[in-house]
Each structure stands twice: as C-alpha cells, then as structure tokens.
Amino acid sequence: MKIFTNVGSSVINFLEETGKFFIFTIKTLKSSISKWYFRNIFQQMVSIGYLSLPVVALTSFFTGGALAIQIYYGGNQFNSEVIVSSIVALGITRELGPVLGGIVVAGRVSAAIAAEIGTMKVTEQIDALRTLSTDPFEYLVFPRVIAGIIVLPILVGFADVIGIMGGWFVGVQSLDFNGTVYLQNTEIFLESNDIISGLIKASVFGFIISMMGCYHGFSSEGGAQGVGRSTMNAVVSSSILILGSNYIMTNLLFAS
Amino acid sequence: MIEIKNLNKRFHKNEVLKSLNIKIEKGESAVVIGRSGTGKSVLLKCLLGLLKPDSGVIKIGNKNIIGKNLQYINNKSVKIGMLFQGGALFDSLNIWRNISFSSLQNKVSEKECKKIAIETLEKVGLNSDVADLYPSELSGGMQKRVSLGRAIFSEPDIIFFDEPTTGLDPITADVINKLILEKVNDLGATALTITHDMSSVRTIASKVYMLHEGNIIWGDNVGEMEKTKNEYISQFINGQSNGPIKIQNN
C-alpha cells in the first residue's frame with residue numbers, strides 16, 4: 001500500500017512542479033512585452049557568454065582531439081584522412097558542440113543564476129525589488145533568458161570551430177595527416193545545415209539553462225541549505241532537459 | 001490612510017490572520033508588537049501586496065489594494081517605502097545605486113541619481129565616502145542606514161518598517177530608532193512598524209497595537225501602554241514567561 005502512496009505522491013509532485021514551471025514560463029514570456037533592461041541583458045550576455053568561453057573552448061578542443069583519435073583507431077584506417085575529418089566536423093557541429101557546450105554552460109551558468117536569485121529570494125531582495133515598483137521577472141528573469149538564447153549559439157559557434165581545430169591538431173600532430181587536406185575535406189563534407197541545426201539546438205539549450213536557473217532560484221526557501229538545493233536542482237534539471245530536448249530536436253531536424 | 005477590515009490569511013491548516021481590523025490615520029506612527037510567529041510579517045506582506053489575503057479589505061488612501069501589486073499602488077495613489085528586516089540591499093549594486101534604484105529605473109540620469117543619493121546618505125548620517133562601496137563592505141548598522149535611505153529616497157507617504165533594529169547593538173539600535181522617528185516626522189509620512197523590540201516601540205510609536213494569535217487584542221496611544229492593566233500587554237512589555245500568553249514551540 002505504501003508503494004502506491006509513494007508513487008501517487010511523486011506523480012502529484014511532478015504535476016505540481018510542471019504546473020508551477022508552466023506559470024513561471026508564461027510570466028517570463030509576458031515580461032518580454034514590457035520593459036527591457038538593456039544594461040542587465042548586456043551584463044548577462046557577458047556573464048553567460050564571454051566568461052564561459054574559456055571552459056567551452058577547452059572542452060571542445062579536447063573533445064575534437066579525442067574524437068579524431070577514436071575514429072582513427074576504432075575504424076578502418078584506409079582513407080582515414082577523409083573519414084576522420086568529416087566525422088569530427090559533423091559530430092562536433094551537429095551533436096558534441098551544442099550538447100557538451102550546453103552541459104558545460106549548464107554547470108557553470110545555471111548554478112550561478114540559481115544561487116544568485118536564490119540568495120536574493122531568501123534575503124528578501126526580490127521583495128525589495130517589488131516594493132521599489134520593479135517587476136523581478138522583467139528585471140531578473142527576462143534579461144537572463146534572452147541573454148541565454150542569444151549567447152549560447154555564439155558560444156557553440158566558437159565551440160564548433162575550436163572542436164574542429166582540436167581534431168585537426170591531433171590529426172596533424174599525432175596521426176600524420178596533411179593539415180591542408182584535412183581542412184579541405186572538412187569544408188567539402190560540412191554543410192550549412194549541419195552548423196545551423198547545432199546553433200538552433202544551442203538557442204533552445206540557452207533557454208533551458210537560464211530558465212532552470214531562474215526557476216529554481218525563485219523556488220529557493222529556507223536559507224543556505226535551500227539555496228544549495230536549488231542550485232543542485234537547476235544543474236541536474238537543465239542537464240537532463242538538454243539531453244532530452246537534444247534527442248527530440250535531432251529527430252525533428254535529421255530523421256525527416 | 002491605512003484601513004484593514006476583517007483580514008484573513010491562512011497557510012494550509014494554519015490560520016495566521018483572523019478577521020484582523022486596524023486603522024492607521026495619516027501622519028500616525030503605528031507599531032504592531034507581538035511574539036514571533038503571531039503573523040506580524042504576514043500582515044506586512046499583505047499590506048505590501050507580496051501575499052494575497054484569503055479575504056478582507058486593505059484600503060490605502062481610500063482604495064482597496066487587495067490583489068494589486070506595489071507598482072500599481074505607487075502609480076495610482078500613494079508612494080510607499082519599505083525598510084526590510086535584513087536591509088535587503090542589492091548586493092550586486094553599489095550604495096548609491098541601491099539608494100537611487102527607483103529613479104535609475106525611470107531613466108533619471110546617473111549623475112543626478114548619484115547626487116541625490118549622496119544627499120540622502122547625509123540625511124541618514126553617512127558621508128559620501130560610502131557611496132561607491134558595496135553593501136558587503138558596510139557594517140550592519142550602516143546597512144540599516146542605507147536601507148532607511150532607500151526607503152525615504154522617493155519621499156514616500158507611507159513607510160513600513162520590518163523589525164528595524166534586529167541584529168543591532170543597543171546603541172546602534174537607538175541611533176536607528178531616532179533616525180526613523182526624525183525622518184518620518186520630516187516627511188510627515190504615515191509609518192507602520194512591526195517589532196518586538198520595546199525600546200523601538202517607546203521611541204518610534206505614537207500608537208501601539210498588540211497582535212496575538214492572528215488578531216489585534218489591544219491598541220492605544222503609546223503612553224497608555226505602560227499604564228494598561230491588559231495582562232497580555234503587561235506580560236509582553238515586561239518580558240515575562242508567566243501570563244496569559246502561552247509559550248509554545250520555544
């Protein structure tokens with residue numbers, strides 16, 4: 001009997017949380033037709049994009065390099081110069097660039113947003129905003145969400161280039177490929193749709209990361225422990241949603 | 001100026017405010033006292049539009065504000081200022097930006113805002129040196145002064161104070177109390193303070209209300225507080241554990 005109670009309770013909690021998130025999203029979208037705080041949007045673009053660039057660049061470079069080695073040693077080494085360059089380029093632009101970039105940024109940015117907004121919530125700073133006639137959705141949430149949507153594709157664009165260069169570097173240094181031929185093969189096999197699909201995914205991931213950070217930050221209760229829990233939830237939920245939505249988008253963009 | 005009629009608010013089974021009635025005249029400095037957990041903060045949050053009461057009427061300047069947010073109230077009727085218990089200064093903004101926050105959002109130039117913010121800092125006994133510092137660089141007493149500065153910056157008609165002296169030493173608390181009294185008198189504002197600090201009550205209040213189990217059980221001029229034979233008031237202001245107020249969950 002207890003198992004039914006637990007399952008029922010989990011389902012109710014899930015539905016309640018989904019409903020709350022839906023209302024939160026509606027409020028965020030509603031705030032987009034009100035006042036735009038351009039200064040906040042710019043600050044968030046710097047915080048989410050520019051400051052995440054080193055970690056995203058390192059992740060992409062090493063992923064591109066590791067991918068090149070795996071394809072070379074795992075596959076048929078005949079004609080490997082063509083296969084490695086094309087699969088690295090497609091793998092990075094279609095999947096690994098956006099997904100790994102998204103996951104890395106989720107760990108860094110979603111946590112930071114949840115911790116910052118969570119602390120503001122428990123120290124009454126969000127109530128203070130309201131008493132100063134400022135809508136927290138317009139001032140805090142929307143600038144982060146729009147910045148995430150704009151900046152993630154730019155970050156992933158950099159990640160694509162750096163990831164491909166990681167593969168090229170390993171190919172030239174370790175696998176004795178000709179650097180010019182490698183890049184020519186990359187150019188031949190890579191189509192604009194491969195890059196655009198990755199950037200579309202990145203934009204969706206930007207929305208997920210910033211929304212999860214803001215939503216869990218706003219849900220914070222009970223001091224430092226509550227803020228810690230919200231931060232963890234923000235990272236976990238944004239990572240899962242990135243992977244889930246990536247699967248759906250890959251189906252929509254490529255399966256047809 | 002502020003009239004509350006039959007205000008009810010419950011959280012699940014916990015009935016926090018029970019048909020609460022209170023009327024605060026213009027220019028009055030009312031203080032609501034009561035033990036922790038009696039609903040003082042809930043009352044304040046209902047007044048500020050941060051919580052929606054289950055039923056009842058809250059009139060500010062003759063307009064029922066139930067269901068309205070502060071942006072609406074500030075635009076339509078009267079200006080409201082608020083001093084939060086912990087100060088609630090924005091820790092990502094420096095002091096002058098904290099004080100002039102509302103004007104900065106309304107496209108007033110930064111130069112003008114900083115100038116007025118520094119004037120406001122002087123009003124609350126701080127010099128211009130702190131204008132460019134961040135809240136974390138100030139002591140608790142200085143943060144409370146800045147928070148008071150932010151509350152009076154827009155010259156509000158009504159100011160709410162939530163436990164203004166919590167966490168301060170008695171001397172700093174007295175300085176803040178006197179500063180509150182002075183600024184409220186200067187502005188001619190209506191003030192509502194919630195506190196359980198009796199020295200605050202004696203300094204700030206013109207009228208005192210006692211909140212107990214979700215209702216106002218006593219209200220009169222501050223001078224009457226010491227003379228009253230009401231057992232609840234006597235127990236509370238003398239800080240006695242024996243009396244009609246039962247100690248639960250402490």
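In what order do the four strands of the open sheet in chain B stand? The order is β2-β1-β4-β5 (chain B), and the pairing is antiparallel. Because β2 (14-24) and β5 (63-64) of chain B are at the edges with a single partner strand each, one side of each has no neighbour in the sheet.

This is a predicted model, in which local features need pLDDT of at least 70 and side-chain atom pairs count only at pLDDT 80 or more, while totals for chains, interfaces and linings use all residues. Residues are numbered from 1 along each chain as its sequence is written, and chains are lettered from A and ligands numbered from 1 in the order in which they are written.

Strands (E, at least two residues) and helices (H or I, at least four) are DSSP runs numbered from the N terminus; two strands pair if DSSP finds at least two bridges between them. Seven bridges join β1 (residues 2-11) of chain B to β2(B), and B:L7 stands opposite B:L20 in β2(B).

Helix α1 (residues 40-47) of chain B holds B:L44. B:L44 is buried (20 or more other C-beta atoms within 10 Å, placed from the backbone), with 23 such atoms. Beyond its neighbours within four places in sequence, B:L44 is in contact (C-beta atoms, placed from the backbone, within 7 Å) with B:F160, B:D162 and B:I194.

Between the chains, 15 residues of chain B are in contact with 11 residues of chain A. The table gives the elements of chain B that each supply at least two residues of the side touching chain A.

| Element | Residues |
|---|---|
| α2 (chain B) | 70-76 |
| β6 (chain B) | 80-83 |
| α4 (chain B) | 101-105 |

Terms used. Two residues are in contact if their C-beta atoms, placed from the backbone, lie within 7 Å. Axes are lines fitted to C-alpha atoms, for helices over the stretch in contact, and angles run from 0 to 180 degrees between N-to-C directions. A residue is buried if 20 or more other C-beta atoms lie within 10 Å of its own, exposed if 12 or fewer, and partly exposed in between; C-beta atoms are placed from the backbone.
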